[in-house]
Amino acid sequence: MSDALLSAHNLSVRFGGVLAVNNVSFDVQRGEVFTLIGPNGAGKTTVFNLISGIYTPTAGHITYNGQHMANVPPHAVAGLGIARTFQNIELFEHATVLQNLLIGRHTHRQTGLWQEMFFTPQTRAAEIAAREKVEHVIDFLDLQHHRDSMVAGLPYGVRKVVEMARALCTEPQLLLLDEPSSGLNVEETDDMAFWIADIKNVLGITVLMVEHDMSLVSKVSDRVLAMSQGEVLAMGTPAEVQSHPGVIEAYLGTIDDVSSLRRDSTKEQRP
Amino acid sequence: MQELQVIFSGVAQGCIYGLIALGFVLIYKATETVSFAQGELMMLGAFCGLGAMQWLGWPYWLAVPSALLAMGLVGWLTERVAIRPILGQPAFSVVMLTFGIVYVARGLVTMIPNVGTETHAFPAPYKDVSFDMGGVVIGATQLVVVAATAGLCLLLYFTFRYSRVGIAMQASSQNQLAAYYMGIPVKRLNGLVWALAAMVATVAGLLLAPITFVHANMGFIGLKAFPAAVVGGFSSLPGAIVGGLIIGVVEAMAGFWLPEGFKDIAAYIVVLLMLVLKPNGLFGENLRKKV
Amino acid sequence: MRFIFKTDYDQDIRLAKHGGHVFWYGLLMVFLLTAPWLIEEYWLAQLTFVMIYSIVGLGLMLLAGFTGLFSIGHAAFLGVGAYTEAVLSAQGWPFPLSLAMSAGLSAAVGAIVGLPALRVKGIYLGIATLSFGFIVEEGLARWESVTGGNAGKHVKAINLFGYEASSNEAFYWICLVVTVVCTLAVLNLLRSATGRAFVAIRDSEISAQSMGIHLARYKTLSFMISAALAGIGGALYAHKLQFISPDQFNFLQSIDLLLMVVIGGLGSIHGAFLGALFLITMPQLISLGKDYLPDAIGQAPGLQAVVYGLVLIGFVMFEPMGLYGRWLKIRTWFQLFPFYRKGMFKRQKSFQKSDRLK
């Protein structure tokens, strides 16, 4: 059994009176695409924020590569090899796409302050090396004609791709994608599916994603975790989870709720 | 005994700071913009009152409400002409605009021949009255400051808590776009808030004028009101008053007990301590962006 | 319309992006180098002032325009630099050493002033820096044994390892060299990882953190560099005025610096220079215009304040991108003539949405 890259053990976080995440445990195996699904407010993005170090768990812990993530500050998470995208795009609006992607290379920086101030040949070489890596990602995601555009002026679909590109530029081992297909049309979602598959197969990056689009989930995921109201409902392959009665209930309601929508057969029929 | 007197004058001064801070916080709560112009509005309000009494010859009880009305109008106009067009710009731009207003207000007042550059005594009817309370001499000017501040606060509290306008203001401060969709006339409300803030500043000016006289540099006192707002928590109305009182008392005590020069910077040391210990102020909210 | 055909990564990394840059900036440098022979002494002195303020403006632009940290007490760093230089040059230190000390001491003060920045943002940071500004000003006034207090302090001429640079021309050249070095240093920072980290912090702190940027370290760094630049400017300022007193570094001076940076154009290096140019030429223009106005307005003491205020309000309302932004629009108009569209530089309005959780 291959070792887990990331595991959450009995993870819980409480905000005031609200238990946003309650006793959630799961493993993400190396090289797989693991999806979190669940209705809105289930706590999926909160789990991401816990992994990124933005929130601290009130109970339980997360291990990454065997190492406890308890005292890792948010800015050190990228250095460990975890990159993420945000649900509501958090790009650097007043910079170009290229600059956004170059910022993604920050953890691989080799030059110090004084070298940069004098722009030594080493700095120049480092800049060119960073640019080469960024160009690989641009080619991978077809962002060539957006290189020098200001992010603020880009359409939503392109921004989502730039967000993912920026995360890829950090050369992560684990990529956290928060609703990668939200706001995208059918073609863009198809592209996204291919890219996620490529990220897994070509780049060898483990993907943990939150998603609502079930077709994308079925196409791309190896395993799925369904959450509702902060708790784990079911975990398994996409087919298993989608047929799990608890999951169906969380999304569609129980048989009693549905039956009230049926027309009452004893009522008068139209002539 | 002298300590009590010092403390009381600190309380009175603190009320002034609190009133100006109240103006900032009103504007901040409603529009999440910071206005550095409150001090100047206070100065203009004092000049208005002075002008009504000295050059129009009106009695005090007429000059005060007319100054309030006039400054309310000025506040509303400022919002309409200068602030509304820049809705949607980053917060820093708005702050710089209020600095521009500071420059213009000071400049205009100093340009008025003979009046602007001099210091004038303010003929308030209670100016020379004082009470001797068991050895502690308290001027009526200070008592009126404290009483008026308390009254004004109660009035504002009830307005915000129970009136539709108050609730609408809170709504538009949290999410302008949603407030628009809900049918709240956001722009009109903003004008109202600025008018209100200007009137509060005018009250402060009219209360302060008998104590410090009326002159063009009165607005600098407004700078000390910022520490008051921060200490109280920038989005809390009662916090503004409490912050002002704290600053006023600390300042008065620093002037009395500490060596020369500490009085001027006491307010700033307090605010730095507060930012280190409790960045959101005493009553402030937790600022964190939800991603 | 210039289209740059890119064939090399270096083209994006280079400072001069195309021939036009090389030509025009080269011409500027030629003018600056020959200025002592081309223009009168009075205007040379004004040009020197422009350069001094530009250096300070570079620092403030880096802090406010590129890192998004607003400092309303920046004159404090100017004062620390000025006084350090005054004290050390009076003790006979050679200029390069005393300049380095001014920069270093200002940077240290900058690190302290930057401490609140690690915990608070936006207006709270502004108030913190404002408070520091007042405290430093008061400190300079009270520490009489070193600074001479409110009575002020005389500053000797620059001492370059024995050579006394007391002439206007010599001082001009020293300022020119310092300005060019500082500008290049800042430009280099901005085109490398540190500069990008600053921009990241300005645009989205949470995102910057998730990219591995240590917020506390970079914010402190930004404060330190910005303060160091202001300190260098202050040192030159001290020598230019030859007499400094604490009230020259008060709140009004801080607001003037901010005004300079905003009118110049926030977020651009050109803005620092254009703003400095504005700050120095505005009083000249006002004095020129005074003669055409009726006495009641022209001779009034508040005229300069009113004009500054109106110009600032005007820029914020009608030209938020500042002088540099206006220049960009004019240049684009000429380049695209007659196809320039009115809304080309329009940014989408962002409706205010509270960042508060509650």
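What percentage of the 358 residues of chain C count as buried?

## Burial and model

In chain C, 47% of the 358 residues count as buried (20 or more other C-beta atoms, placed from the backbone, within 10 Å of the residue's own). This is a predicted model, in which local features need pLDDT of at least 70, side-chain atom pairs count only at pLDDT 80 or more, and totals for chains, interfaces and linings use all residues. Residues are numbered from 1 along each chain as its sequence is written, and chains are lettered from A and ligands numbered from 1 in the order in which they are written.

## Chain C overall

Chain C holds 16 helices and four strands (DSSP runs numbered from the N terminus: H or I of at least four residues, E of at least two). The C-alpha trace spans about 60 × 55 × 50 Å along its principal axes. Its radius of gyration is 21 Å, in agreement with the value near 21 Å for a compact globule of 358 residues (C-alpha atoms; 2.2 Å times the number of residues to the power 0.38).

## Helices H12 and H13

H12(C), residues 251–264, packs against H13(C), residues 269–290, at about 120 degrees with axes 7 Å apart (lines fitted to C-alpha atoms over the stretch in contact; angles from 0 to 180 degrees between N-to-C directions).

Residues in the contact include Asp256(C) and Met260(C) of H12(C), and Leu274(C) and Phe278(C) of H13(C) (C-beta atoms, placed from the backbone, within 7 Å).

Conventions: Contact = placed C-beta atoms within 7 Å. Buried ≥ 20, exposed ≤ 12 C-beta atoms within 10 Å, placed from the backbone.
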